[in-house]
Amino acid sequence: MYWSTYLLSALLAMMTPTHATSPTKWTVIVGGATADTSIYANAFFPRQIEIGVGGAITFSFEGFHNVAFLGGTAAPAFSVQEGGKSYWNPQILFPAGDKTYDGTGYHSSGVPGPDGKLSYTLTFTKPGRYSYECSIHPGMRGMVMVTDKPKGTPAAALRRGRGEQAATLAAGRARFANLRVERHGTTFVVPLVGNSKQRYSVLRFTRKPLVIPRGSTVTWTMRDTFEIHTVTFTSGEEPPKFVVPEPQSSGPPKLLLNPKALTPTTITQYDGTGYVNSGMIFPPGNPKLPSSFSLKFTKPGSYEYWCLIHADVGQRATIIVE
């Protein structure tokens, strides 16, 4: 009887419908910031993750970024020109590609809303090493290794990611705590800092109001490879928006890069009146793009200024001229 019972059990097992195993789910953290938004993590955590074929990664956003797998295509430009205007490239703004990835074709998460929150899941169907990037922050890259038999667990990878993120933000806080304005005679240098190895940017100009004598020149200089900034004095007026939505008859609005924010003014001296703008100040290394801005202060007073790109996270400061 034993053999017949075994045979019957085997036959029943063969007849019972089977269900595909659900994919193993992994998590990568995208960005991060300190509570006061002074330090921004421009990184993916963990930087490198190994998963199995058929595994799915959920990219959990904690800042304004995107996740872009190029899949052999050219990286999209930050902006596109239309009718003499500059618009944010919709290839960066909106999702692209399907929900699976085999190393080919452009796949992008799009960008999160104003709260910086977004969840983007991609399933990996073929073994390989797949690099990806944030199209907004040059040098912000990650790596997915897809193997037949991955090492580690999703929980361990997430713990490692949280540890990397905490280290990045701690390094940024330490740098900000030691941020100093440099003085060279009548010139004061405000460094705009970040660190590509520790993967943070400081989104503040100075730790406290900068006090200078009348007739001094202040130079803001980029020492951050991730971000772009402006230095903008509005003489008490509301600072202009960096991006202006243009509603369309159908579909989402176009996002105009505000010419008032992009265009540098020609003013080299400031007495507390009028609109003064550096235009965009870029990371160092490209001689065709400005990486510093200077302004001479000719009248005593207290003058507030902004980075128009990061005004929403509190990047503004004050210069007191005595």
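## Strand β15 and its neighbours

Strands β15 and β16 pair in the antiparallel sense, with two bridges between them. This is a predicted model, so please read the details below as features of a prediction. Within this pairing, Gly194 stands opposite Ser201 in β16. The two strands form a hairpin with four residues between them, and Arg199 in that turn has a positive phi of about 70 degrees. Keep Arg199 in mind, as this residue returns in the section on salt bridges.

β15 also pairs with β14 (residues 182-184), where three bridges join the strands in an antiparallel arrangement. Here the bridge partner of His184 is Thr187 in β15. β14 and β15 make a hairpin too, this one with two residues between the strands. Its turn holds Gly185, which has a positive phi of about 65 degrees.

With strand β18 (residues 217-223), β15 pairs in the parallel sense, over seven bridges. One point to look for in the structure is Pro191, whose bridge partner in β18 is Thr221. As background, strands of a sheet pair through backbone hydrogen bonds, either parallel or antiparallel. How enclosed is β15 by the rest of the structure? Seven of its nine residues are buried, so the strand is largely enclosed.

## An open sheet of five strands

Elsewhere in the model there is an open sheet of five strands, in the order β17-β26-β25-β19-β23 and with mixed pairing. Which strands stand at its edges? They are β17 (210-212) and β23 (276-277); each has a single partner strand, so one side of each is left without a neighbour in the sheet.

For β17, the pairing with β26 (residues 316-321) is parallel and runs over three bridges.

## Salt bridges across the chain

How many salt bridges does a search of the whole structure find? The search gives seven. One of them joins Glu62 and Arg162, with the closest N and O atoms 2.9 Å apart. This pair links distant parts of the chain: Glu62 is in the loop between β5 (56-61) and β6 (68-69), while Arg162 belongs to helix α3 (residues 154-177), 100 residues apart. Both side chains belong to partly exposed residues, Glu62 with a relative accessible area of 22% and Arg162 with one of 39%.

Glu246 and Lys85 meet in another salt bridge, at 3.3 Å from N to O. Their positions are 161 residues apart, with Glu246 in strand β20 (residues 243-246) and Lys85 in strand β8 (residues 85-88), so this pair again links distant parts of the chain. Glu246 is buried, with a relative accessible area of 18%, whereas Lys85 is partly exposed at 36%.

Now back to Arg199, which forms a salt bridge with Glu164; the closest N and O atoms are 3.2 Å apart. Arg199 lies in the loop between β15 (187-195) and β16 (200-202) and Glu164 in helix α3, so the pair ties together parts that are 35 residues apart in sequence. Is Arg199 buried or exposed? At 7% relative accessibility, Arg199 counts as buried. Salt bridges with shared partners also bring Arg160 into the picture, joining Arg160, Glu164 and Arg199 into one network.

## The chain as a whole

Stepping back, the protein chain has four helices and 26 strands. Its radius of gyration is 25 Å, well over the 20 Å that the globule rule gives for 322 residues, so the chain is more spread out than a compact globule. Along its principal axes, the C-alpha trace spans about 105 × 50 × 30 Å.

What share of the 322 residues is buried? Buried residues make up 43% of them. Among contacts between residues at least 6 apart in sequence, 69% join residues at least 24 apart. As for the surface, the chain exposes about 16600 Å², and carbon and sulfur atoms supply 57% of that area.

Conventions:
Residues numbered from 1 in each chain as written. Predicted model: local features only at pLDDT ≥ 70, side-chain atom pairs only at ≥ 80, totals over all residues. Heavy atoms only, no water. Salt bridge = Lys/Arg side-chain N within 4 Å of Asp/Glu carboxyl O. Buried < 20%, exposed > 50% of the residue type's maximum accessible area, 1.4 Å probe, protein only. Pairing = 2+ DSSP bridges. Rg over C-alpha atoms; globule rule 2.2 N^0.38 Å. Contact = heavy atoms within 4.5 Å. Areas by Shrake-Rupley, 256 points an atom, 1.4 Å probe, with all protein chains shown as cover.
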